[in-house]
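I opened this notebook to record a few look-ups in one structure. The entries follow in the order I made them.

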Amino acid sequence: MRIAFTLSMLLGAAAAHAAPFRDPGTPPAATLQAAQAENRLRAASVGAALDTDSERLLRASFDAADTAHRGTLSRAQAQAGGFGWIANHFDAIDTRHAGCVSFDDVRSYLKLRNAAPATK
């Protein structure tokens, strides 16, 4: 799932910021090798843990885009909040035709989309 991949990349970036400062005189290749070695030692989020992490980050982003604090997003709020994919699939997500989508609507849409067979 692209969202899980993107969110796992965000998790990796957040963890990288928590690392101690590196010597600016160190060649970039050496810094990259050290970071890769450190990432190999860190346990990867897989399965249910990855789903939980992804959903937590998605929820945080959804809540941040919900500027009216109503628990829903309009198409315009989704677009303005960086959720272009919600705006692009808004009619499919808004099954109640309410003009707004909740986080549960988005989650249901993603589950249905992942359960559907892949098409070419």
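How many aromatic pairs does the count come to by the ring rule? I got 2 aromatic pairs, where rings of Phe, Tyr and Trp (its six-membered ring) pair if their centres lie within 6.5 Å, and planes under 30 degrees apart count as stacked, over 60 as edge-to-face and the rest as tilted.

I noted that this is a predicted model, in which local features need pLDDT of at least 70, side-chain atom pairs count only at pLDDT 80 or more, and totals for chains, interfaces and linings use all residues. Residues are numbered from 1 along each chain as its sequence is written, and side-chain values use heavy atoms, without hydrogens and water.

I looked up phenylalanine 62 and phenylalanine 103: their ring centres are 5.6 Å apart and their planes at 70°, so the pair is edge-to-face. Phenylalanine 62 lies in helix H3 and phenylalanine 103 in helix H7, 41 residues apart; helices are DSSP runs of H or I, at least four residues, and strands runs of E, at least two, numbered from the N terminus. Phenylalanine 62 is buried at 2% relative accessible area, and phenylalanine 103 is buried at 4% (buried is under 20%, exposed over 50%, partly exposed in between, with a 1.4 Å probe and protein chains only).

I then took phenylalanine 83 and tryptophan 85, with ring centres 5.9 Å apart and planes at 80°, so this pair is edge-to-face. Phenylalanine 83 is buried at 5% relative accessibility, whereas tryptophan 85 is partly exposed at 24%.

Last, I checked threonine 72, which is in strand S1 (residues 72-73) and counts as buried at 19% relative accessibility.
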